[in-house]
Amino acid sequence: MRKIGLIVGNGLLPRYFLEKAAAKDLEVYPIGLFDTIDGAVRENARFRAFNIGAVGDIVKHFLLNDVRELIMLGKVEKRLIFQDLTPDAWGEELLRKLPDRKDETLLFGVISFLRLNGIKVLDQTKFIEEFLIRKTRYTKSAPDENDLRTVKTGVEAAKALSKIDAGQCVVCKDRSVVALEGIEGTDRCIARGGELAGPGTIIVKMARPQQDMKVDVPVIGLETVRRAAAVKARGIAGEAGKMMLLDEADCVRIADENNMFLIGI
C-alpha cells in the first residue's frame, strides 16, 4: 500500500479522506495539531497528536514510519496556531527565518522544511477530486440578475482580500460589500454580515489568485450553509475547480429548504 501522512486540522474533511483511503489502497498516518480536531480521526489506529510547533518531532515521526508523501487537510485557524504554539528547536529556527507570520508564509515555511527532509506535500484534492466544486447551479433556487451582479462585486472583493492573505470570504448585499473575512474565519464573517445587513445577503468565497492546491484550499460545507441559512442569506457562490464542497447532498437540501441558491462560478 502507498503510505501517506496526513496533517489534520479542524473540520470533517480529514475524516472523509480517511474513509476513502482504504478503497484507494492508501495506508494513512494522521497527526493532529489541535485538541479540537474531529473525534473520528483520533480513533484511527495510527493517529498521533503533536503540538503545531513541534516540526522536528513531526518530521521524525513520518520518517520513522517511512512516510515520504503527505497531505494537509482541515482548517488551521491562525488564532489556534498562536494560542498553543510551543515550538521545538527546529520550530523556533523556522519561525526565526520567516519574513512574517502570514498564514501563507507559515504554511510554505513548513512545506519547505518537510521537503528539505525528503517529504513531499501533495495537493489537497489528490485522491478526493470528487469534492471539487463544479461550475453549476446545485439548488432549485437560482440567482436573479441583481444577485449575479452582487456576486460579481463579491468576486472582485474576495480576490482582493485573498491577494493580501487576509481571508477568502466576503458577504455582500445589493452590489455592496458588507463584511470581509479576517482572523475570525468564514463562519463568523457570515454571522457579522447578517447582523450588519439583515436578510438577503450573498456569501462569496474564492480561492487565492495564485492558489496553491497543497494548502488552505477553501471549503464550503454544512456549517457554511447552516450559518448562511441562520442569517436568511439569499445564496452562496464558490469558485469552481479551486474549492471543495463537502456533504453536497445535505448542503443542497438545507439550501433548498431555505430558498437559497448555491452555485459554482
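Here are a few worked exercises on the structure above.

The model is predicted, so local features need pLDDT of at least 70 and side-chain atom pairs count only at pLDDT 80 or more, while totals for chains, interfaces and linings use all residues. Residues are numbered from 1 along each chain as its sequence is written, and side-chain values use heavy atoms, with hydrogens and water left out.

**Exercise 1. Find the aromatic pairs in the whole structure and classify them.**

Step 1: Start with the criterion. Rings of Phe, Tyr and Trp (its six-membered ring) pair if their centres lie within 6.5 Å; planes under 30 degrees apart count as stacked, over 60 as edge-to-face and the rest as tilted. The search returns 2 aromatic pairs.

Step 2: Take Tyr16 and Phe131. Their centres are 6.1 Å apart with 35° between the planes, which makes a tilted pair. Tyr16 sits in helix 1 (residues 13–21) and Phe131 in the loop between strand 5 (120–121) and helix 7 (145–163), so the pair ties together parts that are 115 residues apart in sequence. Here helices (H or I, at least four residues) and strands (E, at least two) are DSSP runs, numbered from the N terminus. Both Tyr16 and Phe131 are buried, where buried means under 20% relative accessible area, exposed over 50% and partly exposed in between (1.4 Å probe, protein chains only).

Step 3: Take Phe17 and Phe127. With ring centres 6.3 Å apart and planes at 65°, the pair is edge-to-face. It links helix 1, which holds Phe17, to the loop between strand 5 and helix 7, which holds Phe127, 110 residues apart. Phe17 counts as buried at 1% relative accessibility, and Phe127 counts as buried at 12%.

**Exercise 2. Find which charged residues lie over the rings of Tyr29 and Phe127.**

Step 1: Apply the test: NZ of Lys or CZ of Arg must be within 6 Å of the ring centre and within 35 degrees of the ring normal.

Step 2: Arg46 lies over the face of Tyr29, 5.2 Å from the ring centre. For Phe127, the residue is Lys126, at 5.6 Å from the ring centre.

**Exercise 3. Work out the strand order of the sheet and what packs on it.**

Step 1: Two strands pair if DSSP finds at least two bridges between them. By this rule, 5 strands form an open sheet in the order 3-2-1-4-5, with parallel pairing.

Step 2: Look at the edges. Strand 3 (48–49) and strand 5 each have a single partner strand, so one side of each is left without a neighbour in the sheet. Strand 2 and strand 3 pair over 2 bridges, and Ile31 has Arg48 as its bridge partner in strand 3.

Step 3: Angles run from 0 to 180 degrees between N-to-C directions, with axes fitted to C-alpha atoms, for helices over the stretch in contact. Helix 1 lies across strand 1, strand 2 and strand 4, at about 160° to strand 2. Helix 3 packs on the sheet too, touching strand 1, strand 2, strand 3 and strand 4, and its direction makes about 160° with that of strand 2.

**Exercise 4. Describe the surroundings of Phe47.**

Step 1: List its contacts (heavy atoms within 4.5 Å). Leaving out residues up to four places away in sequence, Phe47 touches Pro30, Ile31, Gly32, Ile37, Val41 and Arg42.
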